[in-house]
Amino acid sequence: GDSVTQMEGPVTLSEEAFLTINCTYTATGYPSLFWYVQYPGEGLQLLLKATKADDKGSNKGFEATYRKETTSFHLEKGSVQVSDSAVYFCALRIDGSSNTGKLIFGQGTTLQVKP
Amino acid sequence: KAGVTQTPRYLIKTRGQQVTLSCSPISGHRSVSWYQQTPGQGLQFLFEYFSETQRNKGNFPGRFSGRQFSNSRSEMNVSTLELGDSALYLCASTPGQGRRNTEAFFGQGTRLTVV
């Protein structure tokens with residue numbers, strides 16, 4: 001079945017460090033890929049997305065490239081801030097004739113950034 | 001533009017009771033999806049409604065049900081509550097059509113505690 005696997009957390013970094021959170025997927029169809037972020041006590045916010053192979057999504061300094069050949073969508077940021085501390089979820093949606101909005105999520109990666 | 005509104009934000013119920021959660025999507029959005037978030041299982045898809053019809057369903061027992069009204073507002077109901085139903089329930093709203101370039105917007109969730 002369709003699934004998403006993220007690297008285990010928590011990830012602890014110092015401010016201004018480089019961030020990578022790995023995400024790989026298995027999909028029966030042609031998925032769109034997403035990164036969502038969840039701050040304490042809140043719902044999910046879309047961070048970035050990519051809908052086809054080789055697309056790069058970017059937002060707030062975060063980037064991820066849709067790699068079909070390696071079925072990956074790794075999240076990166078060049079210089080993290082304390083305010084980036086949150087839980088990050090990689091997700092996929094199978095786009096096709098069934099036309100549903102179902103998202104399949106990875107298990108989430110907690111990021112803690114220390115001053 | 002108002003976001004996705006979920007009510008109530010917090011609920012405490014006793015085992016065996018039933019509960020109804022409400023979700024008002026973004027104006028003009030016709031699709032509402034529900035997710036359960038727990039520390040052990042992560043984010044799991046419950047069901048999706050589009051134009052008052054359920055068009056996708058996750059692997060949850062029949063105690064979990066939902067419906068959507070003509071104004072696109074949705075409710076989910078859990079009957080005969082169990083301790084394991086304690087979770088954050090998230091609602092997501094999308095336009096529902098032309099999906100490849102659309103994204104899901106999440107509410108802040110309803111925190112359900114079963115005692």
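A: Begin with burial: a residue is buried under 20% relative accessible area, exposed over 50%, and partly exposed in between (1.4 Å probe, protein chains only). By this rule E75(B), with a relative accessible area of 15%, is buried. The model is predicted: local features need pLDDT of at least 70, side-chain atom pairs count only at pLDDT 80 or more, and totals for chains, interfaces and linings use all residues. Residues are numbered from 1 along each chain as its sequence is written, chains are lettered from A and ligands numbered from 1 in the order in which they are written, and side-chain values use heavy atoms, with hydrogens and water left out.

Q: What is the partner of E75(B) in a salt bridge?

A: A salt bridge is a side-chain nitrogen of Lys or Arg within 4 Å of a carboxyl oxygen of Asp or Glu. The partner of E75(B) is R73(B), at 3.2 Å from N to O. R73(B) is partly exposed, at a relative accessible area of 23%.

Q: Which residues touch the most other members of the largest nonpolar core?

A: A nonpolar core is a set of buried Ala, Val, Leu, Ile, Met, Phe, Trp, Tyr and Cys residues joined through side-chain atoms within 4.5 Å. The largest has 26 residues, and L19(A), W35(A), L48(A), F73(A), L75(A) and Y88(A) touch the most other members. Strands (E, at least two residues) are DSSP runs, numbered from the N terminus. Among those of chain A that each supply at least two residues of this core are β2 (11–14), β5 (30–38) and β10 (86–95). β10(A) gives the most, with four residues. Apart from this core lies another, of 21 residues, including V4(B), Y49(B), L81(B) and V114(B).

Q: Which residues is L75(A) in contact with, leaving aside its neighbours within four places in sequence?

A: Contact means heavy atoms within 4.5 Å. L75(A) is in contact with L19(A), T20(A), I21(A), W35(A), L47(A), L48(A), F62(A), E63(A), A64(A) and Y88(A).

Q: What area is buried between chain B and chain A?

A: The size of an interface is often given as the accessible area lost when the parts come together. Buried area is the accessible area (1.4 Å probe) that two parts lose on being put together, summed over both. Between chain B and chain A about 2,000 Å² is buried, and carbon and sulfur atoms give 44% of it. The contact takes 20 residues from chain B and 24 residues from chain A.

Q: Which residues form the salt bridge between the chains?

A: The count between chain B and chain A is one. K49(A) and E103(B) form a salt bridge, with their closest N and O atoms 3.8 Å apart. On the side of chain B that touches chain A, β5(B) gives the largest share, three residues.
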